[in-house]
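Please keep the sequence and the coordinates at hand while reading.

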Amino acid sequence: MATEPAAWRSLPALPSLPGVHATLEVPRGPGVFRKMLAFAGPGFLISVGYMDPGNWATDLAAGSSYNYTLLFVVTLSNLLAILLQSLALKLGIATERDLAQACRDHFARPISHALWVLCEIAIAACDLAEVIGSAIALQLLFGIPLLWGVCITGADVLLILLLQGRGFRYVEALIISLIAVIAVVFGIEVVVSRPEIAAIVRWSLVPSPHILADAGMLYIAIGILGATVMPHNLYLHSAVVQTRNYARTPEGKREALRYSQIDSATALGAAFFVNASILIVSAAVFYRSGHHEVAEIGDAYKLLTPLLGFTAASTLFALALLASGQNSTITGTLAGQVVMEGFLNLRMKPWLRRLVTRSLALIPAVIVTALYGARGTAKLLILSQVILSMQLSFAVVPLVMFTGDRGKMGEFVNPRWLQSLAWTAAVLIIALNTWLLVQGVRLL
């Protein structure tokens, strides 16, 4: 193993995700395509956080209320995601620590434990949104009551245990397959909706001058940007890139960084396509027909088929929602494992750790759904986004700080231009999420 930078404290720690650490072989020697395939996967696990049910309502509202105007915000948010996720994977590969382990090594124990608690709350809040999203999809597809749908989503733990027991590649294969389902569904929806290509190109590249002047447009724009980077994705990405068995040498790490960056950018490109497609379909179908206030997923489901004249439109929409929710619960559960093990250096049996993670999301969802039904779950979704906004800065700031520290990163430290860009992105996201937090509290 390569010598660790002296700036890291010598705290005993097991490798990140020890059950699958360095278990996936990477071809040695030439063969670019084979190496790209070997490194493909971690980025797609991360990308599901950018197309989860929590983002759907924002994209639906943006398209139905303001046509294609906010497509530039989707583009900008994707660029920010690519930047920060690239820093997360760089930290994992260069230092052989995930972000949680890095925080544990750097900060005093009270601060490290406080960061752990905040991150666990954020993961539970994010998982809560995915559970509710999956439950809504089950209700739309099969008429299953929301309460039962919330309970059924807990069963995916068994699937995770089964797949990871056979190898981490099976988990990645499932994730990529579900992403493919979502992408194909929205590809069909975009074609059927016949959007305006010229308007799409224009508003994807040029910001609207009305964003700052229109309070409603500004709120939705900040919602798209503010919910872009999920804090647990930064922890997870810094861990899953270490599942590849690349040479732990400077040369091996440089190669791993190069191919991992390609994987991350490709996967986040797929997430951009999904988010942009939701907004485009919303604009082409709802805005064009005069339905300018479609923000609820259930409303979109009911309107798609009659407005498009395409019988399967609503069913495909709900199927994509189900795939999105299931994908996100899988990655959220894995992130919970990374965070607990990294911050506390505590190992639990996988089934027990996942049971704890799922319970944290399922219990409040079951209680609120049972007491208040759909109205209660809507408020719970708002609360989950507020909690995520509160925690995000506590993940972004350490990440930017660590990757800009030569004592920790060695030759892989961020150059000055990248460090300046990273701090600018961090400040922007923190400011937007703080604003969202204030607005979210007012809505509760």
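A residue is called buried when its relative accessible area is under 20%, exposed when that area is over 50%, and partly exposed in between, with a 1.4 Å probe and protein chains only. Helices (H or I, at least four residues) and strands (E, at least two) are DSSP runs, numbered from the N terminus. The model is a predicted one, in which local features need pLDDT of at least 70 and side-chain atom pairs count only at pLDDT 80 or more, whereas totals for chains, interfaces and linings use all residues. Residues are numbered from 1 along each chain as its sequence is written, and side-chain values use heavy atoms, with hydrogens and water left out.

The chain holds 18 helices and two strands, and 57% of its 444 residues count as buried. Where contact means heavy atoms within 4.5 Å, 84% of the contacts between residues at least 6 apart in sequence join residues at least 24 apart.

One of its partners is helix 15 (residues 313-344), against which helix 12 packs at an angle of about 75° with the axes 9 Å apart. Here the axes are lines fitted to C-alpha atoms, for helices over the stretch in contact, and angles run from 0 to 180 degrees between N-to-C directions. That angle makes helix 12 roughly perpendicular to helix 15, a class that covers 65 to 115 degrees, while under 35 counts as roughly parallel, over 145 as roughly antiparallel and the rest as oblique. Helix 12 contributes H232, Y235, L236 and A239 to the contact, and helix 15 contributes T331, G332, L334, A335, V338, V339 and F343.

A nonpolar core is a set of buried Ala, Val, Leu, Ile, Met, Phe, Trp, Tyr and Cys residues joined through side-chain atoms within 4.5 Å. The largest one has 130 residues, among which Y68, L70, L99, L234 and F317 touch the most other members; helix 13 (residues 250-287) supplies the largest share, 16 residues. Leaving aside residues up to four places away in sequence, L99 touches L91, L234, Y235, S238, A395, L399 and F402.

Rings of Phe, Tyr and Trp (its six-membered ring) pair if their centres lie within 6.5 Å, and planes under 30 degrees apart count as stacked, over 60 as edge-to-face and the rest as tilted. The ring centres of F107 and F402 are 6.0 Å apart and their planes stand at 45°, so this pair is tilted. The two residues are 295 residues apart, with F107 in the loop between helix 5 (99-106) and helix 6 (109-142) and F402 in helix 16 (residues 350-403). F107 is buried at a relative accessible area of 17%, and F402 is buried at 0%. Elsewhere, ring pairs link F39, Y246 and Y259 into a cluster.

Finally, the backbone: most residues other than glycine have a negative phi. L17, in the segment before strand 1 (24-25), has a positive phi near 45° and is buried at 3% relative accessibility. R194, in the loop between helix 9 (168-193) and helix 10 (197-205), has a positive phi of about 50° but is exposed, with a relative accessible area of 61%.
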